[in-house]
Amino acid sequence: MIEDTETIDEFLDRHAGDVEEAVRKAAAAEVMPRFRRLAAHEVDQKAGPHDLVTDADRLAEQYLTEVLGALLPGSVVVGEEAVHANPASYEALQGDTPVWIVDPVDGTRQFVHGDPGFCMLVALARSGVLLASWTYAPARDQLATAIRGRGAFLDGERLRAGAPDPGRDLRVATSHPDYTTEEQKRGLLGLWTDGVAPRPCGSAGLEYLAVARGESDAVAFSWEAAWDHAAGLLLVEEAGGAHLTLTGEPFSIKGGNTLPFTAARDAATARRVRGLLAGEA
């Protein structure tokens, strides 16, 4: 619980471990017991056959909403499933109240199909600034964390994204075609060129982690839902990477971004990918 005179930094000093514990407990209580054991009635569609939600999503988000709100009184939670039920709740990102941004199961399709390539995402932001993030892949028991100005870590080891090897094709994960409109697909066409090896993304959170680890060179996405991007963007930043929208500005979790946008291992790669997306290269 934050004290009246306590800053967010001081809160994180005291409670970053409590957030980690909450994410792990949510996974243990609501997510992993259903992994590869989902019954048909525990899976629903939202916008279409590729947009799935499960009882694990709903119950893990409820758990995290209660625990995170209690840890930081006066904060609000913007969760994917709560926003689906009440779109107006997304507007909390515009204010100066501390906001927890939660995706209880990022990569729900993978989760439903028994693929371990899913994760749980939590980020803390205030006034549009990302302050801390937690990316937990429970089926792999991997936890990546970042606190602004303090670096990014995977299971306690410092992450450094580095730079792509000269002369090698850039490895870029892009918005999956199952989730993109024809207009969005056209916006990504600049990546289909010599020197780039694009591929459809899996879980966005795990794609950001791959960039922060230097296993992938960049991502290029055509949507801006904060719960998909907040945790990963801070992770990439703190690992030494950068992110740019089509206009050359950093991505804003408040919205209004010119899409598509990219996050990359270093600033030079971010500029190169942005230029390709803008048709400048």
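This is a predicted model: local features need pLDDT of at least 70, side-chain atom pairs count only at pLDDT 80 or more; totals for chains, interfaces and linings use all residues.
Q: How are two packed helices described, and at what angle do the axes of helix α1 and helix α2 cross?

A: Two packed helices are described by the angle between their axes together with the distance between those axes. Here the axes of helix α1 (residues 8-31) and helix α2 (residues 55-71) come within 9 Å and cross at roughly 155 degrees, and α1 and α2 are therefore roughly antiparallel to each other. The crossing in which α1 passes α2 is right-handed.

Q: Which residues of α1 meet α2?

A: From α1 the contact draws on Phe11, His15, Asp18, Val19, Ala22, Val23, Lys25, Ala26, Glu30 and Val31, and these meet Ala56, Leu59, Ala60, Tyr63, Leu64, Val67, Leu68 and Leu71 in α2. Sorted by class, the contact of α1 with α2 has 14 nonpolar, one polar and three charged residues.

Q: Turning to the strands, how many residues of strand β4 are buried?

A: A residue counts as buried when its relative accessible area is under 20%. In strand β4 (residues 99-106), eight of the eight residues are buried, so β4 is largely enclosed by the rest of the structure.

Q: Which way do β3 and β4 run, parallel or antiparallel, and which way do β4 and β5 run?

A: Strand β3 (residues 76-79) and β4 run parallel and are joined by four bridges, with valine 77 having tryptophan 100 in β4 as its bridge partner. By contrast, β4 and strand β5 (residues 119-126) run antiparallel, joined by six bridges, and the bridge partner of aspartate 106 is cysteine 119 in β5.

Notes:
Residues are numbered from 1 along each chain as its sequence is written. Side-chain values use heavy atoms; hydrogens and water are left out. Axes are lines fitted to C-alpha atoms, for helices over the stretch in contact, and angles run from 0 to 180 degrees between N-to-C directions. Angles under 35 degrees count as roughly parallel, over 145 as roughly antiparallel, 65 to 115 as roughly perpendicular and the rest as oblique. A crossing is left-handed if the near helix is turned anticlockwise from the far one by less than a right angle, and right-handed if clockwise. Contact means heavy atoms within 4.5 Å. Ala, Val, Leu, Ile, Met, Phe, Trp, Tyr, Cys and Pro count as nonpolar, Asp, Glu, Lys and Arg as charged, and the others, Gly among them, as polar. Buried means under 20% relative accessible area, exposed over 50%, partly exposed in between (1.4 Å probe, protein chains only). Two strands pair if DSSP finds at least two bridges between them.
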